[in-house]
Amino acid sequence: MTGICSGRVAVVTGAGRGLGRAHALALAAEGAKVVVNDLGVGLDGAAETDGPAQRVVDEIRALGGEAVAHGGDIATTDGAASLITTALEAFGRFDTLVNNAGFLRDRMLVNLDEDDWDAVMRVHLKGHFLPLKHAAAHWRAEAKSGRTPQARVVNTSSGAGLLGSVGQGNYSAAKAGIIGLTLVAAAEMGRYGVQINAIAPAARTRMTEHTFAETMAAPVEGGFDAMAPENVSPLVVWLGSAASTGVTGRVFEVEGGRITVMEGWRPGPTADKGNRWSPAEAGEAALGLLAASDVPQPVYGTR
(Lines give C-alpha, C1' and ligand atoms only; values in the text may rest on other atoms or scores of the structure.)
Protein backbone atom coordinates (compact mmCIF):
# COMPACT_ATOMS: atom_id res chain seq x y z
CA MET A 1 0.00 0.00 0.00
CA THR A 2 1.14 3.55 -0.78
CA GLY A 3 -0.67 5.49 1.92
CA ILE A 4 -2.28 7.66 -0.75
CA CYS A 5 -4.98 8.73 1.73
CA SER A 6 -2.79 9.20 4.81
CA GLY A 7 -4.08 12.01 6.99
CA ARG A 8 -7.47 12.11 5.28
CA VAL A 9 -10.88 11.38 6.81
CA ALA A 10 -13.43 9.63 4.59
CA VAL A 11 -17.15 9.00 5.00
CA VAL A 12 -18.69 6.09 3.09
CA THR A 13 -22.46 5.61 3.00
CA GLY A 14 -23.98 2.16 2.65
CA ALA A 15 -20.65 0.75 3.77
CA GLY A 16 -21.84 -2.28 5.71
CA ARG A 17 -21.72 -4.65 2.77
CA GLY A 18 -20.78 -5.00 -0.89
CA LEU A 19 -19.20 -2.06 -2.67
CA GLY A 20 -19.39 0.27 0.33
CA ARG A 21 -17.61 -2.20 2.57
CA ALA A 22 -14.92 -2.72 -0.07
CA HIS A 23 -14.45 1.05 -0.41
CA ALA A 24 -14.22 1.56 3.36
CA LEU A 25 -11.62 -1.17 3.74
CA ALA A 26 -9.60 0.08 0.77
CA LEU A 27 -9.61 3.68 2.02
CA ALA A 28 -8.49 2.52 5.46
CA ALA A 29 -5.75 0.38 3.92
CA GLU A 30 -4.41 3.51 2.23
CA GLY A 31 -4.28 5.46 5.48
CA ALA A 32 -7.70 7.14 5.68
CA LYS A 33 -9.70 7.29 8.88
CA VAL A 34 -13.19 6.15 7.97
CA VAL A 35 -16.75 6.84 9.06
CA VAL A 36 -18.67 3.70 8.10
CA ASN A 37 -22.32 4.53 7.52
CA ASP A 38 -25.00 1.88 7.17
CA LEU A 39 -28.61 1.91 8.28
CA GLY A 40 -28.68 -1.90 8.37
CA VAL A 41 -31.61 -2.64 6.06
CA GLY A 42 -32.56 -5.44 3.72
CA LEU A 43 -32.23 -5.46 -0.04
CA ASP A 44 -35.63 -3.76 -0.38
CA GLY A 45 -34.97 -1.16 2.31
CA ALA A 46 -36.82 -2.94 5.14
CA ALA A 47 -35.27 -2.71 8.61
CA GLU A 48 -32.94 -5.44 9.87
CA THR A 49 -31.71 -6.11 13.37
CA ASP A 50 -27.98 -6.63 12.81
CA GLY A 51 -25.31 -3.95 12.69
CA PRO A 52 -23.21 -4.25 9.52
CA ALA A 53 -21.51 -0.86 10.00
CA GLN A 54 -19.95 -1.90 13.29
CA ARG A 55 -18.74 -5.17 11.80
CA VAL A 56 -16.83 -3.25 9.11
CA VAL A 57 -15.42 -0.90 11.75
CA ASP A 58 -14.20 -3.97 13.65
CA GLU A 59 -12.56 -5.31 10.47
CA ILE A 60 -10.74 -2.03 9.88
CA ARG A 61 -9.55 -1.81 13.47
CA ALA A 62 -8.38 -5.43 13.41
CA LEU A 63 -6.17 -4.49 10.46
CA GLY A 64 -4.69 -1.54 12.35
CA GLY A 65 -6.87 1.20 10.89
CA GLU A 66 -9.14 3.79 12.48
CA ALA A 67 -12.90 3.87 11.95
CA VAL A 68 -16.20 4.67 13.62
CA ALA A 69 -19.72 3.53 12.82
CA HIS A 70 -22.65 5.77 11.86
CA GLY A 71 -26.12 4.25 11.75
CA GLY A 72 -28.14 7.31 10.74
CA ASP A 73 -30.52 7.59 7.80
CA ILE A 74 -28.64 9.69 5.26
CA ALA A 75 -31.86 10.42 3.34
CA THR A 76 -32.92 12.69 6.22
CA THR A 77 -31.51 16.11 7.03
CA ASP A 78 -30.51 15.13 10.55
CA GLY A 79 -28.93 11.85 9.44
CA ALA A 80 -26.94 13.47 6.64
CA ALA A 81 -25.78 16.37 8.82
CA SER A 82 -24.65 13.98 11.53
CA LEU A 83 -22.33 12.25 9.04
CA ILE A 84 -20.16 15.35 8.93
CA THR A 85 -20.50 15.92 12.66
CA THR A 86 -19.41 12.33 13.35
CA ALA A 87 -16.29 12.72 11.21
CA LEU A 88 -15.34 16.02 12.82
CA GLU A 89 -15.96 14.84 16.38
CA ALA A 90 -14.16 11.53 15.91
CA PHE A 91 -11.22 12.66 13.80
CA GLY A 92 -11.14 16.46 13.74
CA ARG A 93 -11.50 16.87 9.98
CA PHE A 94 -13.44 15.68 6.92
CA ASP A 95 -11.95 15.27 3.44
CA THR A 96 -13.76 12.67 1.34
CA LEU A 97 -17.40 11.66 0.86
CA VAL A 98 -18.28 8.44 -0.95
CA ASN A 99 -22.02 8.28 -1.63
CA ASN A 100 -22.87 4.61 -2.12
CA ALA A 101 -26.07 3.71 -0.21
CA GLY A 102 -28.98 2.20 -2.12
CA PHE A 103 -31.39 -0.68 -2.63
CA LEU A 104 -33.70 -2.11 -5.29
CA ARG A 105 -37.42 -2.46 -5.82
CA ASP A 106 -37.55 -3.77 -9.37
CA ARG A 107 -40.79 -3.84 -11.33
CA MET A 108 -41.85 -3.37 -14.93
CA LEU A 109 -43.34 0.12 -15.30
CA VAL A 110 -46.97 -1.03 -15.43
CA ASN A 111 -46.45 -2.89 -12.13
CA LEU A 112 -44.32 -0.24 -10.41
CA ASP A 113 -46.13 1.20 -7.40
CA GLU A 114 -45.75 4.83 -6.39
CA ASP A 115 -44.25 3.73 -3.07
CA ASP A 116 -41.60 1.70 -4.90
CA TRP A 117 -40.74 4.74 -7.03
CA ASP A 118 -40.57 7.08 -4.04
CA ALA A 119 -38.52 4.71 -1.88
CA VAL A 120 -35.81 4.19 -4.50
CA MET A 121 -35.68 7.89 -5.37
CA ARG A 122 -35.43 8.74 -1.68
CA VAL A 123 -32.49 6.50 -0.88
CA HIS A 124 -30.49 6.79 -4.10
CA LEU A 125 -31.10 10.38 -5.20
CA LYS A 126 -32.05 12.17 -1.98
CA GLY A 127 -29.49 9.98 -0.19
CA HIS A 128 -26.84 11.50 -2.47
CA PHE A 129 -28.16 15.05 -2.33
CA LEU A 130 -28.37 15.50 1.45
CA PRO A 131 -24.88 14.22 2.39
CA LEU A 132 -23.45 16.21 -0.53
CA LYS A 133 -25.31 19.35 0.58
CA HIS A 134 -24.04 19.18 4.16
CA ALA A 135 -20.52 18.24 3.11
CA ALA A 136 -20.44 21.10 0.62
CA ALA A 137 -21.63 23.58 3.27
CA HIS A 138 -18.81 22.49 5.58
CA TRP A 139 -16.16 22.77 2.87
CA ARG A 140 -17.46 26.14 1.65
CA ALA A 141 -17.21 27.47 5.20
CA GLU A 142 -13.65 26.15 5.43
CA ALA A 143 -12.70 27.85 2.17
CA LYS A 144 -14.26 31.15 3.22
CA SER A 145 -12.25 30.96 6.44
CA GLY A 146 -9.04 30.72 4.45
CA ARG A 147 -8.62 26.96 4.82
CA THR A 148 -9.34 25.84 1.26
CA PRO A 149 -9.71 22.05 1.40
CA GLN A 150 -8.62 19.35 -1.00
CA ALA A 151 -12.08 17.83 -0.72
CA ARG A 152 -13.38 14.96 -2.79
CA VAL A 153 -16.80 13.43 -3.47
CA VAL A 154 -17.36 10.14 -5.30
CA ASN A 155 -20.99 9.51 -6.25
CA THR A 156 -22.35 6.14 -7.35
CA SER A 157 -24.41 5.92 -10.52
CA SER A 158 -24.88 2.78 -12.62
CA GLY A 159 -24.96 1.45 -16.14
CA ALA A 160 -28.72 1.55 -15.63
CA GLY A 161 -28.46 5.31 -15.20
CA LEU A 162 -26.35 5.65 -18.34
CA LEU A 163 -28.31 3.34 -20.65
CA GLY A 164 -31.50 2.35 -18.84
CA SER A 165 -32.37 -1.13 -17.58
CA VAL A 166 -35.53 -3.10 -18.28
CA GLY A 167 -37.56 -3.61 -15.10
CA GLN A 168 -35.65 -0.88 -13.27
CA GLY A 169 -37.39 2.35 -14.23
CA ASN A 170 -37.16 3.79 -10.72
CA TYR A 171 -33.54 2.77 -10.21
CA SER A 172 -32.47 3.91 -13.70
CA ALA A 173 -34.10 7.31 -13.24
CA ALA A 174 -32.49 7.78 -9.82
CA LYS A 175 -29.05 6.80 -11.10
CA ALA A 176 -29.37 9.13 -14.10
CA GLY A 177 -30.32 11.90 -11.67
CA ILE A 178 -27.13 11.26 -9.71
CA ILE A 179 -25.10 11.98 -12.84
CA GLY A 180 -26.90 15.29 -13.33
CA LEU A 181 -26.36 16.16 -9.66
CA THR A 182 -22.66 15.33 -9.99
CA LEU A 183 -22.19 17.66 -12.95
CA VAL A 184 -23.95 20.58 -11.28
CA ALA A 185 -22.20 20.10 -7.94
CA ALA A 186 -18.78 19.89 -9.60
CA ALA A 187 -19.42 23.18 -11.39
CA GLU A 188 -20.68 24.91 -8.25
CA MET A 189 -18.11 23.67 -5.75
CA GLY A 190 -14.85 23.85 -7.67
CA ARG A 191 -14.13 27.36 -6.39
CA TYR A 192 -14.10 26.00 -2.84
CA GLY A 193 -11.53 23.26 -3.45
CA VAL A 194 -14.08 20.47 -3.90
CA GLN A 195 -13.87 17.90 -6.70
CA ILE A 196 -16.93 15.77 -7.45
CA ASN A 197 -17.00 12.74 -9.73
CA ALA A 198 -19.19 9.67 -10.24
CA ILE A 199 -18.63 6.01 -10.93
CA ALA A 200 -20.89 3.51 -12.66
CA PRO A 201 -19.67 0.21 -11.19
CA ALA A 202 -20.44 -3.37 -12.16
CA ALA A 203 -19.83 -5.80 -9.31
CA ARG A 204 -21.37 -8.67 -7.37
CA THR A 205 -23.46 -7.29 -4.50
CA ARG A 206 -26.80 -8.05 -2.88
CA MET A 207 -28.36 -5.80 -5.52
CA THR A 208 -26.89 -7.61 -8.53
CA GLU A 209 -26.13 -11.23 -7.65
CA HIS A 210 -29.74 -12.34 -8.23
CA THR A 211 -30.89 -9.75 -10.79
CA PHE A 212 -27.94 -10.55 -13.08
CA ALA A 213 -27.11 -13.99 -11.70
CA GLU A 214 -25.33 -15.40 -14.75
CA THR A 215 -23.16 -12.31 -15.31
CA MET A 216 -22.30 -11.97 -11.63
CA ALA A 217 -21.38 -15.62 -10.99
CA ALA A 218 -18.06 -16.20 -9.25
CA PRO A 219 -15.31 -17.79 -11.37
CA VAL A 220 -13.83 -21.21 -10.92
CA GLU A 221 -11.30 -21.41 -8.12
CA GLY A 222 -8.12 -19.55 -8.96
CA GLY A 223 -9.56 -17.44 -11.79
CA PHE A 224 -9.77 -13.64 -11.75
CA ASP A 225 -13.04 -12.64 -10.13
CA ALA A 226 -14.04 -9.80 -12.45
CA MET A 227 -17.22 -9.13 -10.49
CA ALA A 228 -15.62 -8.79 -7.04
CA PRO A 229 -16.55 -5.40 -5.54
CA GLU A 230 -12.93 -4.92 -4.47
CA ASN A 231 -12.05 -4.31 -8.14
CA VAL A 232 -13.97 -1.03 -8.10
CA SER A 233 -12.44 0.41 -4.95
CA PRO A 234 -8.94 1.38 -6.22
CA LEU A 235 -10.42 4.04 -8.50
CA VAL A 236 -12.66 5.25 -5.67
CA VAL A 237 -9.63 5.56 -3.40
CA TRP A 238 -7.69 7.52 -6.01
CA LEU A 239 -10.63 9.83 -6.76
CA GLY A 240 -11.02 10.34 -3.01
CA SER A 241 -7.38 11.33 -2.56
CA ALA A 242 -5.41 14.52 -3.19
CA ALA A 243 -3.64 12.69 -6.03
CA SER A 244 -6.70 13.20 -8.26
CA THR A 245 -6.21 16.98 -8.40
CA GLY A 246 -7.79 18.45 -11.52
CA VAL A 247 -10.28 15.63 -12.11
CA THR A 248 -13.86 16.76 -11.53
CA GLY A 249 -17.28 16.51 -13.13
CA ARG A 250 -16.40 13.17 -14.76
CA VAL A 251 -18.13 9.78 -14.85
CA PHE A 252 -16.17 6.51 -14.91
CA GLU A 253 -17.54 3.06 -15.68
CA VAL A 254 -15.64 0.47 -13.63
CA GLU A 255 -15.79 -3.30 -14.01
CA GLY A 256 -13.18 -5.96 -13.24
CA GLY A 257 -9.88 -4.64 -14.58
CA ARG A 258 -11.51 -2.12 -16.93
CA ILE A 259 -11.94 1.65 -16.40
CA THR A 260 -13.84 3.69 -18.99
CA VAL A 261 -14.37 7.45 -19.10
CA MET A 262 -18.02 7.96 -20.05
CA GLU A 263 -18.44 10.91 -22.39
CA GLY A 264 -22.17 11.54 -21.98
CA TRP A 265 -24.49 13.60 -24.11
CA ARG A 266 -22.80 15.53 -26.92
CA PRO A 267 -24.34 17.35 -29.89
CA GLY A 268 -24.63 15.03 -32.87
CA PRO A 269 -25.83 15.71 -36.42
CA THR A 270 -27.79 18.98 -36.66
CA ALA A 271 -30.13 20.56 -39.22
CA ASP A 272 -31.07 24.24 -39.07
CA LYS A 273 -33.73 25.57 -41.43
CA GLY A 274 -33.38 29.11 -40.14
CA ASN A 275 -37.14 29.24 -39.78
CA ARG A 276 -40.00 27.20 -38.29
CA TRP A 277 -40.40 23.63 -39.55
CA SER A 278 -43.68 22.11 -40.56
CA PRO A 279 -44.37 18.73 -38.89
CA ALA A 280 -43.63 16.89 -42.14
CA GLU A 281 -40.40 18.82 -42.65
CA ALA A 282 -39.34 18.26 -39.04
CA GLY A 283 -39.95 14.54 -39.39
CA GLU A 284 -38.01 14.33 -42.64
CA ALA A 285 -35.12 16.26 -41.07
CA ALA A 286 -35.16 14.07 -37.95
CA LEU A 287 -35.00 10.87 -40.01
CA GLY A 288 -32.05 12.23 -41.96
CA LEU A 289 -30.24 13.18 -38.76
CA LEU A 290 -30.90 9.75 -37.23
CA ALA A 291 -29.49 8.08 -40.33
CA ALA A 292 -26.29 10.10 -39.91
CA SER A 293 -25.99 9.48 -36.16
CA ASP A 294 -24.45 6.65 -34.16
CA VAL A 295 -26.76 3.79 -33.23
CA PRO A 296 -27.46 3.95 -29.45
CA GLN A 297 -26.29 1.14 -27.21
CA PRO A 298 -29.01 -1.31 -26.21
CA VAL A 299 -30.88 -0.87 -22.97
CA TYR A 300 -29.69 -3.24 -20.20
CA GLY A 301 -31.88 -6.30 -19.91
CA THR A 302 -33.39 -6.03 -23.39
CA ARG A 303 -34.39 -9.43 -24.72
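This is a predicted model: local features need pLDDT of at least 70, side-chain atom pairs count only at pLDDT 80 or more; totals for chains, interfaces and linings use all residues.
Me: In what order do the eight strands form the open sheet?
Reply: The pairing in this sheet is mixed. Strand 3 (67–70) and strand 8 are the edge strands, as each pairs on one side only. From one strand to the next the twist averages 20°. The order of the strands is 3-2-1-4-5-6-7-8.

Me: Which strands does helix 1 touch where it packs on the sheet?
Reply: Helix 1 covers residues 18–29, and its direction makes about 175° with that of strand 1. The strands that helix 1 touches are strand 1 (9–12), strand 2 (33–37), strand 4 (96–98) and strand 6.

Me: At about what angle to strand 3 does helix 2 run?
Reply: Helix 2 is formed by residues 52–62. This helix lies across strand 2 and strand 3. Its angle to strand 3 is about 180°.

Me: Is strand 7 largely enclosed by the rest of the structure or largely exposed?
Reply: Strand 7 consists of residues 251–255, and a residue counts as buried when its relative accessible area is under 20%. Four of the five residues of the strand are buried. Strand 7 is therefore largely enclosed by the rest of the structure.

Me: In which sense does strand 7 pair with strand 6, and in which with strand 8?
Reply: Between strand 6 (residues 194–202) and strand 7 there are five bridges, in the parallel sense; Ile199 has Phe252 as its bridge partner, and Ala202 has Glu255. Strand 7 also has five bridges to strand 8 (residues 258–262), where Glu253 stands opposite Thr260.

Me: Which residue takes a positive phi in the hairpin of strand 7 and strand 8?
Reply: Two residues lie between the strands of this hairpin. The positive phi is near 60°, and the residue that takes it is Gly256.

Me: Are helix 3 and helix 4 parallel or oblique to each other?
Reply: The axes of helix 3 (residues 77–91) and helix 4 (residues 114–144) come within 8 Å and cross at roughly 45°. The crossing is right-handed. Helix 3 and helix 4 are therefore oblique to each other.

Me: How many nonpolar residues are in the contact of helix 3 with helix 4?
Reply: Helix 3 contributes Thr77, Ala80, Ala81, Leu83, Ile84 and Leu88, while helix 4 contributes Leu130, Pro131, His134, Ala135 and His138. Three of the residues in this contact are polar and none is charged. The number of nonpolar residues is eight.

Me: At roughly what angle do the axes of helix 4 and helix 6 cross?
Reply: The axis of helix 4 comes within 8 Å of that of helix 6 (residues 169–189). Helix 4 passes helix 6 in a right-handed crossing. The axes cross at roughly 15°, which makes helix 4 roughly parallel to helix 6.

Me: How many charged residues are in the contact of helix 4 with helix 6?
Reply: Among the residues that make this contact are Asp116, Trp117 and Arg140 of helix 4 and Tyr171, Lys175 and Met189 of helix 6. By class, 14 residues of the contact are nonpolar and five are polar. The number of charged residues is three.

Note on methods. Residues are numbered from 1 along each chain as its sequence is written. Side-chain values use heavy atoms; hydrogens and water are left out. Axes are lines fitted to C-alpha atoms, for helices over the stretch in contact, and angles run from 0 to 180 degrees between N-to-C directions. Angles under 35 degrees count as roughly parallel, over 145 as roughly antiparallel, 65 to 115 as roughly perpendicular and the rest as oblique. A crossing is left-handed if the near helix is turned anticlockwise from the far one by less than a right angle, and right-handed if clockwise. Contact means heavy atoms within 4.5 Å. Ala, Val, Leu, Ile, Met, Phe, Trp, Tyr, Cys and Pro count as nonpolar, Asp, Glu, Lys and Arg as charged, and the others, Gly among them, as polar. Buried means under 20% relative accessible area, exposed over 50%, partly exposed in between (1.4 Å probe, protein chains only). Two strands pair if DSSP finds at least two bridges between them.
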